[in-house]
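Subject: The structure, and what turned up in it

Hi,

Here is the structure I said I would pass on. Have a look at it before you read my notes, and keep it open while you do.

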Amino acid sequence: MTARKLEDQPSRAEASPSEVVIVGGGPIGLELAVALRHHNISLRHFETGTIGQTITQYPRQVRFFSSPERIALAGVPFLTAHQEKATREEYLSYLRAIVGQFGLVVETYRRVVEIAEEENGFRLEVVPSVETAHDPAALVDDPAMPRESVYADNVVLAIGDMHYPRLLGIPGEDLPHVTHHFTEPHAYFGRKLLVIGGKNSAVEAALRCHRAGARVAISYRRDALPEKSVKAWLLPDVRNLIKSGQIDFYPETEPVEIEPGQTRLRHVTSREEITVDADFVLAMTGYRQDPFLFEKCGVRLIGTNARPEVSLETMETNVKGLYVAGTAAAGTQGKFKLFIENSHPHVQRIVQAITGKDAPFETRDTSRIARGLPEN
Ligand SMILES: Cc1cc2nc3c(=O)[nH]c(=O)nc-3n(C[C@H](O)[C@H](O)[C@H](O)COP(=O)(O)OP(=O)(O)OC[C@H]3O[C@@H](n4cnc5c(N)ncnc54)[C@H](O)[C@@H]3O)c2cc1C
């Protein structure tokens, strides 16, 4: 369908509303689409990037912490070549296979920028989004942007929780040698790299860049790397490299200013400052959710995570007919408590609420975390 400007859009009566619109083509959005299609629910499914967009942003060749069977979708076995945890690339192939096997129609590079509650359901505004970093608020206000109005009885927001990096908020953060996204280690070969952060992503990046020939330093605000937040097999490795002086570790420090070639760190208690040489800075400080769509349609956000309030039986929000699935239900997660493994039950709850029937595959929580939502 050709996208048109707002004033040319068909009304709800002229357009035929779908029973459900799913926003988000990540693992949980895809798993839900399989179940709803099985029950012949009329569906439109939008994804602002490609399918599994969040996973495309993982570093190349990174491995999942979950065993393959725990992140398998819709009852389709996920077997890896070496019976080990899957890489980013293996899981993206698997997602493509899921879409192919079930004939899912995901409208990729189509961003939902607005959801409005109407008398008989919802109206969504959808715009092209080849550039996924667009500010959704700006798109809504841009009259030149071609858009399509889409109508639905129910909407499921499976939009994830990793929309923007958490910024340090210090001078120099926007310099070209600073990034919040670790793509691959090769870029840092033979250069000095400062990694900011001490959780799993930071430690994994530090180890990979060290082994790819970078001189790595880590600045972390706590006195030691956190055992509970780093993969068990990485900790002894990084500790040994720190002990032997091959990786520099600056505990209890925070960056205060980044300049070309060097970064100033401050000790969190003594307030003493030191300058560390760094050709590149990787700020592995986590991500935050964009609450824009929730706020747009009046979903209540609660707790310090600003997570959407949902019924644990149905995943329906305070807005009737509007559901949340997957990590989107967690808000901004300080410590990850909701991920693929324990989001499968959301699919069953939503399918049951909308169709009155069960999902046609097992959706039990395969993680050790029994509760479906993080505490605030
Ligand atoms: C390095 C790394 C390793 C990880 N390892 C694991 C692991 O081992 N096990 C595990 O369970 N989890 C893991 N995770 C977390 C995992 O990525 C998430 O749990 C998972 O992606 C959540 O799936 P989801 O479908 O809920 O959301 P997402 O995968 O985040 O999907 C949401 C989708 O919605 C789209 N979207 C957002 N807004 C809009 C909009 N307005 N319009 C249209 N589309 C929109 C996004 O582009 C995205 O594709 C890891 C994360 C990282 C960074």
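A bit of background comes before the details. This is a predicted model, where local features need pLDDT of at least 70 and side-chain atom pairs count only at pLDDT 80 or more, while totals for chains, interfaces and linings use all residues. Residues are numbered from 1 along each chain as its sequence is written, and side-chain values use heavy atoms, with hydrogens and water left out.

**Helix 6**

Start with helix 6, residues 200-211. (Helices are DSSP runs of H or I with at least four residues, strands are runs of E with at least two, and both are numbered from the N terminus.) Helix 6 has twelve residues and spans 17 Å from its first C-alpha to its last, close to the 16 Å expected at 1.5 Å a residue. That expected span is 1.5 Å times one less than the number of residues.

How much of helix 6 is buried? Nine of its twelve residues are, so the helix is largely enclosed by the rest of the structure. Here "buried" means under 20% relative accessible area, "exposed" means over 50%, and "partly exposed" is in between, with a 1.4 Å probe and protein chains only. The buried residues of helix 6 are Asn 200, Ala 202, Val 203, Glu 204, Ala 205, Ala 206, Leu 207, Cys 209 and His 210.

**Salt bridges**

Side chains of opposite charge can pair when their charged atoms come close. A salt bridge here is a side-chain nitrogen of Lys or Arg within 4 Å of a carboxyl oxygen of Asp or Glu. The structure holds 22 of them.

Arg 63 and Glu 84 form another salt bridge, at 3.6 Å between the closest N and O atoms. They also link distant parts of the chain: Arg 63 is in the loop between helix 2 and helix 3, Glu 84 is in the loop between helix 3 and helix 4 (88-102), and 21 residues separate them. Arg 63 is partly exposed at 36% relative accessible area, and Glu 84 is partly exposed at 42%.

Then there is Arg 264 with Glu 257, which meet at 2.7 Å, N to O. Arg 264 counts as partly exposed at 27%, and Glu 257 does too at 24%. Elsewhere, salt bridges that share partners join Arg 44, Glu 107, Arg 110 and Glu 148 into one network.

**A positive patch**

Which residues gather in a patch of positive charge on the surface? They are Lys 199, Arg 221, Arg 222, Lys 228, Lys 335 and Lys 337. Patches are made of residues with over 30% relative accessible area and no salt bridge, and like charges are joined within 9 Å (for nonpolar side chains, Val, Leu, Ile, Met, Phe, Trp and Tyr, within 5 Å). The areas come from the Shrake-Rupley method with a 1.4 Å probe, and for residues only the protein chains shown count as cover. Lys and Arg count as positive and Asp and Glu as negative, while His and the chain ends are not counted. The place of a charge is NZ of Lys, CZ of Arg, CG of Asp or CD of Glu.

Lys 337 lies in the loop between strand 19 (322-324) and helix 9 (344-355), and counts as partly exposed at 32%.

**Loop residues to look up**

- Gln 61 has a phi near 65 degrees, a positive value in a residue other than glycine. Gln 61 is in the loop between helix 2 (53-56) and helix 3 (68-71), partly exposed at 49%.
- Ala 306 is not a glycine either, yet its phi is positive, about 50 degrees. Ala 306 is in the loop between strand 17 (301-302) and strand 18 (307-308), partly exposed at 31%.
- Pro 59 lies in the loop between helix 2 and helix 3 and is buried at 17%. Pro 59 and Glu 184 are 125 residues apart in sequence and 5.7 Å apart in space, C-alpha to C-alpha.

Cheers
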